[in-house]
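What follows is a short walk through one protein model. Please look at the sequence and the 3D view before reading on.

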Amino acid sequence: MRTIDLDFTPLYRSAIGFDRVAHMLESMTGSQQAKQNSYPPYNIELLDDNQYRITMAIAGFSEEELDIETRDNVLLIQSKKDTSGPERQYLYQGIAERNFERRFQLADYVKVTGASMDNGLLHIELEREIPEAMKPRKINISQQNKLLDAETA
């Protein structure tokens, strides 16, 4: 079997706040655990300098079967598929209907701002809010002559 080496360098450059996630993804790409935990597939998008979107393909799940929560900088998405319906006999089953749990390590100051479902895709909106004390601020340079004039006046 051929292995594929993925380069996560573009993710480091463009996804501010997801460096830890990129490191985790990079460390998992060659392992068997990564292959087993690849369900459901997802994308991470950079929408703006401090806005992100995680999109997960969750066809066959309803909103009631999903649970989304954040705790200690971890975004946890779980499903609990309702199996109480009539038993089906499949000739071929290509659509996965199994429960899943997906965790994302969020960077500091990244918070979930909303979630929506559209055409079998779950969209989770994220925003990085940098505290005012940590934002860069402009320092004006005063002229020495003005200080001397003020002292002599």
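How many salt bridges does the structure hold? This is a predicted model, and the structure holds 6 salt bridges.

Begin with the pair K81 and E65. The closest N and O atoms of this salt bridge are 3.5 Å apart.

Another salt bridge joins R53 to E45, with 3.9 Å between the closest N and O atoms. R53 has a relative accessibility of 24% and counts as partly exposed. E45 is also partly exposed, its relative accessible area being 31%. A further salt bridge links E101 with R103, where the closest N and O atoms are 3.0 Å apart. E101 is partly exposed, at 44% relative accessibility.

In which order do its 4 strands lie? They form an open sheet in the order 1-2-7-6, and the pairing is antiparallel. Strand 1 (42–48) and strand 6 (110–118) are the edge strands, because each of them pairs on one side only. On average, neighbouring strands of this sheet are turned by 20° against each other, direction ignored. Strand 6 pairs with strand 7 (residues 121–128) in the antiparallel sense, over 8 bridges. V110 has its bridge partner in strand 7, namely R128.

Most residues other than glycine have a negative phi. N73 is not a glycine, yet its phi is positive, at about 60°. Where does N73 lie? N73 is in the loop between strand 3 and strand 4, and it is partly exposed, with a relative accessible area of 30%. Y109, also a residue other than glycine, has a positive phi near 70°. Y109 is found in the loop between strand 5 and strand 6. With a relative accessible area of 37%, Y109 is partly exposed.

Key: Residues are numbered from 1 along each chain as its sequence is written. This is a predicted model: local features need pLDDT of at least 70, side-chain atom pairs count only at pLDDT 80 or more; totals for chains, interfaces and linings use all residues. Side-chain values use heavy atoms; hydrogens and water are left out. A salt bridge is a side-chain nitrogen of Lys or Arg within 4 Å of a carboxyl oxygen of Asp or Glu. Buried means under 20% relative accessible area, exposed over 50%, partly exposed in between (1.4 Å probe, protein chains only). Two strands pair if DSSP finds at least two bridges between them. Helices (H or I, at least four residues) and strands (E, at least two) are DSSP runs, numbered from the N terminus. Axes are lines fitted to C-alpha atoms, for helices over the stretch in contact, and angles run from 0 to 180 degrees between N-to-C directions.
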